[in-house]
Amino acid sequence: MTKSPLPSSDLDGLLQLMARLRSPEGGCPWDLEQTFATIAPHTIEEAYEVADAIDHGDMAHLKDELGDLLFQVVFYAQMAKEQGAFDFHDIAAAITDKMVRRHPHVFGSQTGIDDAEAQTVNWEALKAEERKAKAATDTNGARHGALDDVSPGLPALMRAAKLQKRAARVGFDWSDVQPVFDKFREELGELEAEVARGDRPAMEHEVGDLLFTCVNLARKLDIDPETALRHANGRFETRFGHIERTLWSQERTVEDTALEELDRLWDQAKQVQD
């Protein structure tokens, strides 16, 4: 069988490459088996790898990871095209229309958007209007709540932050951070009580409430909880790696070292890192 020529290295070439991978005649067996549901976890992973490359300021890596993320979009577009739903050009047209709609101060006649904060407020107001217009066209007459379209598919930490922001937007929020600290101590006390009782379902419930309160605390301090936790993970990795390397240099391992010494090495790792 004669192989068709390699696709070009531009966007059209990428679309052609994807079509070939999904072709029943000579395509890739793995790509042909995939569905929207099986690709979705890869998309989440690729998005996090983009964030990681940005965190490390690694532009070469970022270019590769953005390519991987773009490939996810191309993959979805090809599968949707096969179903007659939409194609890549429809996706591009939809996002272009949305960005024009959400930037009336750039593409329209709106004035008064002089800084990023004003645009953030304007963006959210436009989204609220779009949600209201969508609700008005809902033929079943159901009312739509402030939290209705916060995607259940978001990572839990990110979804908690979005739910809290939406609730705050309609006035369900404390005026400052102090009541959140009080709530944190209340939730911590409830968790300690359930731990003392040994009730595992109740412990899970209280751990969830405590995490939700931590997200609220981050929101009130204008800190992105996902970024904060990602950085904390990185610090833990670095410090634990220092402990392992120190012990390996002495022909020892974490497993055969007393906890007191591990604590000392942890403090040493913190000093090195700081």
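Reader: Which side chain meets that of Glu 186 in a salt bridge?

Author: In general, side chains of opposite charge can pair when their charged atoms come close. In this predicted model, the side chain of Glu 186 meets that of Lys 183 in a salt bridge, at 3.2 Å from N to O.

Reader: Where do Glu 186 and Lys 183 lie?

Author: Both belong to helix α9, which covers residues 178-197. Glu 186 and Lys 183 are three residues apart there, about one turn of the helix.

Reader: With which other residue does the side chain of Lys 183 meet in a salt bridge at 3.3 Å?

Author: That residue is Glu 187, the 3.3 Å again being taken from N to O. Lys 183 and Glu 187 are four residues apart in helix α9, so about one helical turn separates them.

Reader: How should I read accessibility for these residues: is Glu 187 buried or exposed?

Author: A residue is called buried when its relative accessible area is under 20%. Glu 187 has 5% relative accessibility and therefore counts as buried. Lys 183, at 26%, counts as partly exposed, and Glu 186 is also partly exposed, with a relative accessible area of 39%.

Reader: What residue forms a salt bridge with Glu 261?

Author: Glu 261 forms a salt bridge with Arg 252, and their closest N and O atoms are 2.8 Å apart. Glu 261 is partly exposed, with a relative accessible area of 23%; Arg 252 counts as partly exposed at 23% relative accessibility.

Reader: How many salt bridges does a search of the whole structure find?

Author: The search finds 14 salt bridges. Salt bridges also link Arg 101, Arg 102 and Glu 130 in a network.

Reader: How may I read the contact between helices α5 and α7: at what angle do their axes cross?

Author: The axes of α5 (residues 88-102) and α7 (residues 116-136) cross at roughly 120° and come within 10 Å. From α5, Met 99, Arg 101 and Arg 102 meet Gln 119, Trp 123, Leu 126, Lys 127 and Glu 130 of α7. The residues of this contact comprise three nonpolar, one polar and four charged.

Reader: How far apart are Val 106 and Asp 199 in sequence and in space?

Author: Sequence separation is counted in residues, while spatial separation here runs from C-alpha to C-alpha. Val 106 and Asp 199 are 93 residues apart in sequence and 57 Å apart in space. Val 106 is found in helix α6, residues 104-107. Its relative accessible area is 52%, so Val 106 is exposed, the cut-off for that word being over 50%.

Key:
Residues numbered from 1 in each chain as written. Predicted model: local features only at pLDDT ≥ 70, side-chain atom pairs only at ≥ 80, totals over all residues. Heavy atoms only, no water. Axes fitted to C-alpha atoms, helices over the stretch in contact; angles between N-to-C directions. Helix = DSSP H or I, 4+ residues; strand = E, 2+ residues; numbered from the N terminus. Contact = heavy atoms within 4.5 Å. Nonpolar A, V, L, I, M, F, W, Y, C, P; charged D, E, K, R; others polar. Buried < 20%, exposed > 50% of the residue type's maximum accessible area, 1.4 Å probe, protein only. Salt bridge = Lys/Arg side-chain N within 4 Å of Asp/Glu carboxyl O.
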